[in-house]
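Visitor: I have a model open and would like to learn how to read it, feature by feature. Where do we begin?

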Amino acid sequence: MVRKICQVIGANPVTVKKSVPAQDVKKPAPAPEKTEESEPMPMDANSSLGSDPAVSIQDIRTLLASKVDNHREAIRAKLTELGAKNVTGLDARNYDAFYEFLKDLA
């Protein structure tokens with residue numbers, strides 16, 4: 001039986017390809033280690049990087065509710081000056097200025 005196998009193998013010559021040396025493959029950089037402190041904090045639509053307003057949007061809305069009936073046009077003009085169509089569109093960096101404006105209204 002071994003003889004038959006050798007005859008079959010010998011009848012069909014096998015070609016061996018020369019191996020090509022493998023090229024250097026760059027390994028990906030290791031991922032940075034996660035720490036508890038590096039976890040990003042969620043941001044809302046009105047927040048801005050690098051700004052931490054002392055006044056919240058809720059503070060502005062509360063004060064605005066008491067002033068809007070008597071000063072609607074002045075408030076609208078100030079919002080336009082600050083680049084917003086409404087309080088929701090107000091940039092967080094302008095919260096303090098707008099809040100002070102509202103407080104100054106009689």
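**Reading the helix packing**

Guide: Let's start with a crossing: α2 and α3 cross in a left-handed way. That label applies if the near helix is turned anticlockwise from the far one by less than a right angle, while clockwise makes it right-handed. Keep in mind that this is a predicted model, where local features need pLDDT of at least 70 and side-chain atom pairs count only at pLDDT 80 or more, though totals for chains, interfaces and linings use all residues. Residues are numbered from 1 along each chain as its sequence is written, and side-chain values use heavy atoms, with hydrogens and water left out.

Visitor: What is the angle at which α2 and α3 pack?

Guide: In general, two packed helices are described by the angle between their axes and the distance between the axes. Here α2 (residues 57–81) and α3 (residues 95–104) pack at about 70°, and their axes are 9 Å apart. The axes are lines fitted to C-alpha atoms, for helices over the stretch in contact, with angles from 0 to 180 degrees between N-to-C directions. The pair is therefore roughly perpendicular (65 to 115 degrees; under 35 is roughly parallel, over 145 roughly antiparallel, the rest oblique).

Visitor: Which residues of α2 meet α3?

Guide: On the α2 side you'll find, among them, Ile-60, Leu-63, Leu-64, Lys-67 and Ile-75, and α3 brings residues including Tyr-95, Phe-98 and Leu-102. The residues of this contact divide into 12 nonpolar, no polar and four charged (Ala, Val, Leu, Ile, Met, Phe, Trp, Tyr, Cys and Pro are nonpolar; Asp, Glu, Lys and Arg charged; the others, Gly among them, polar).

Visitor: What about the core: which elements give two or more residues to it?

Guide: As a general idea, nonpolar side chains in soluble globular proteins tend to be buried together. The largest nonpolar core here has 16 residues, and those with the most contacts inside it include Ile-60, Leu-79, Val-87, Leu-90 and Phe-98. Such a core is a set of buried Ala, Val, Leu, Ile, Met, Phe, Trp, Tyr and Cys residues joined through side-chain atoms within 4.5 Å. The elements giving two or more residues are α2 and α3, and α2 gives the most, with six. Across the 106 residues of the protein chain, 19% count as buried (under 20% relative accessible area; exposed is over 50%, partly exposed in between, with a 1.4 Å probe and protein chains only).

Visitor: Is Ile-57 buried or exposed?

Guide: Ile-57, in helix α2, is buried, with a relative accessible area of 16%. Leaving aside neighbours within four places in sequence, Ile-57 is in contact (heavy atoms within 4.5 Å) with Val-87 and Tyr-95. Thr-88, in the loop between α2 and α3, is partly exposed at 44%. Thr-88 and Ile-57 are 31 residues apart in sequence and 8.1 Å apart in space, C-alpha to C-alpha.

Visitor: And is His-71 buried or exposed?

Guide: His-71 lies in α2 and counts as buried at 19% relative accessibility. Beyond its neighbours within four places in sequence, His-71 is in contact with Leu-105 and Ala-106. Asn-70, also placed in α2, is exposed at 64%.

Key:
Helices (H or I, at least four residues) and strands (E, at least two) are DSSP runs, numbered from the N terminus.
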